[in-house]
Amino acid sequence: MKSLMIELYTITEKINKNKHMKTYFKLAILFLTMSLTSCDDVIDVDVQKGPSRLVIEASIDWEKGTSGSDQTIKLSKSTPYFDQNTNAAVTNASVRVVKDDDDTEFIFTHQNDGTYTNTGFVPVIGQSYTLEVIHEGETYTANETLTAVTDITEVNQSKEKEDEDLLEINIFFPDPETEENYYLLKIQRQGDLLPTLIDFDDEFTDGNLIPFWYEIEEDDEDSATREPFKSGDIVDISLFGISEAYSKYMQILIEQSEGAGLFSSTPVPLKGNCINTTTPNNYPFGYFRLTQVVKISYTFQ
């Protein structure tokens with residue numbers, strides 16, 4: 001590689017002394033460029049592997065209009081990024097949720113696939129619950145309060161002002177007055193692989209009707225996999241009432257999932273509200289949340 005660079009320098013010096021050698025110079029540059037590109041070496045990089053940790057996906061969501069009795073908690077183990085084994089389900093844990101005011105116990109039974117279910121859960125707005133997971137001799141716990149959500153009063157569509165060919169969906173819901181409310185909005189067109197998640201609060205909209213507009217622009221980062229809305233598209237909308245702590249967790253999670261930008265902070269392991277009371281350093285990933293949710297689907301005209 002060094003000899004090639006020296007040869008390029010020598011040729012350049014000759015060009016400076018003789019203006020009639022332009023053709024030779026161009027041919028030499030082409031030859032050297034091809035030679036340099038053939039000098040690429042394959043570099044093997046050792047990627048550090050962190051310890052395998054328990055992953056707790058405990059989302060107790062009470063959909064309005066249902067009893068909320070059927071609930072599922074999923075347990076798995078974290079795996080290295082390049083690991084080909086995607087079956088990391090945890091099937092030998094003990095899982096329960098306790099209603100804190102009267103110690104009512106809800107046992108979640110494993111289904112031999114990493115999911116644990118309970119068909120008799122009793123959701124109570126404003127009530128706190130404690131999750132307990134026992135796995136491989138260690139106990140993991142978390143505490144959360146079930147948060148209410150307002151109703152979606154209207155969903156319609158419009159065209160983006162700056163681009164009349166771009167359809168957008170409009171969602172309206174009233175924010176309760178004199179309350180500090182935090183929301184998570186999940187929007188997913190049927191057929192899309194992943195949903196869009198938006199978290200926000202009512203700091204500047206307390207007690208008012210909240211309008212929310214959403215469209216998929218052609219210059220979005222994911223426009224290669226998601227086209228703008230069109231007539232006939234069906235969009236599923238879920239509005240969750242969430243706690244302040246879960247809102248902060250989701251802010252970081254959404255920011256990291258969108259990728260690192262010029263002014264973004266360096267991604268770090270994201271800890272939820274679950275703790276290991278047996279071995280604190282062996283903390284789990286995931287979150288125990290309790291939310292009320294309202295769901296609606298809309299078909300573009």
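1. The largest nonpolar core of this predicted model has 24 residues, and those with the most contacts inside it are Ile56, Ile73, Leu75, Val95, Leu131, Val133 and Phe288. A nonpolar core is a set of buried Ala, Val, Leu, Ile, Met, Phe, Trp, Tyr and Cys residues joined through side-chain atoms within 4.5 Å; buried means under 20% relative accessible area, exposed over 50%, and partly exposed in between (1.4 Å probe, protein chains only). At least two residues of this core come from each of β1 (54-63), β2 (71-77), β3 (94-99), β4 (104-110), β6 (128-135), β7 (138-145) and β15 (285-299). The largest share, five residues, is supplied by β1.

2. Within this region, Val95 touches Ile73, Leu75, Phe106, Ile107, Phe108, Tyr116, Leu131, Glu132 and Val133, leaving aside residues up to four places away in sequence; contact means heavy atoms within 4.5 Å. A second, separate core of 23 residues includes Leu185, Ile210, Ile216 and Val235. In soluble globular proteins, nonpolar side chains tend to be buried together.

3. On the basis of the model: it is predicted, local features need pLDDT of at least 70, side-chain atom pairs count only at pLDDT 80 or more, and totals for chains, interfaces and linings use all residues. Residues are numbered from 1 along each chain as its sequence is written, and side-chain values use heavy atoms, with hydrogens and water left out.

4. The average pLDDT (the predictor's confidence in each residue, from 0 to 100) is 83, and 74% of the residues score at least 70. Residues 1-32 have a pLDDT below 50, and this stretch has 19 contacts in the model beyond near neighbours in sequence. Where pLDDT is low, the predicted coordinates should not be read in detail.

5. The protein contains three helices and 15 strands; helices (H or I, at least four residues) and strands (E, at least two) are DSSP runs, numbered from the N terminus. Twelve strands form an open sheet with mixed pairing, in the order β11-β10-β13-β15-β1-β2-β5-β4-β3-β6-β7-β14. Its edges are β11 (196-201) and β14 (275-276), each with a single partner strand, so one side of each is left without a neighbour in the sheet. Two strands pair if DSSP finds at least two bridges between them. Nine bridges join β1 and β15 in the parallel sense, and Ala58 stands opposite Phe288 in β15.

6. An open sheet of three strands, with antiparallel pairing, has the order β8-β9-β12. Here β8 (154-159) and β12 (209-215) are the edge strands with a single partner each, so one side of each lacks a neighbour in the sheet. The twist averages 25 degrees from one strand to the next. Six bridges link β8 to the antiparallel strand β9 (residues 167-174), where Ile171 is the bridge partner of Val155.

7. Helix α3 (residues 244-257) lies across β7, β10 (182-189), β11, β13 (234-242) and β15, and runs at about 135 degrees to β11. Axes are lines fitted to C-alpha atoms, for helices over the stretch in contact, and angles run from 0 to 180 degrees between N-to-C directions.

8. Val294 belongs to strand β15 and is buried, with a relative accessible area of 11%. Its C-alpha atom is separated by 5.8 Å from that of Ser238, 56 residues apart along the chain. Apart from residues up to four places away in sequence, Val294 touches Val149, Thr150, Asp151, Ile152, Ile237, Ser238 and Leu239.

9. For the protein overall, buried residues make up 38% of the 301 residues. Of the contacts with a separation of 6 or more, 63% are between residues 24 or more positions apart.
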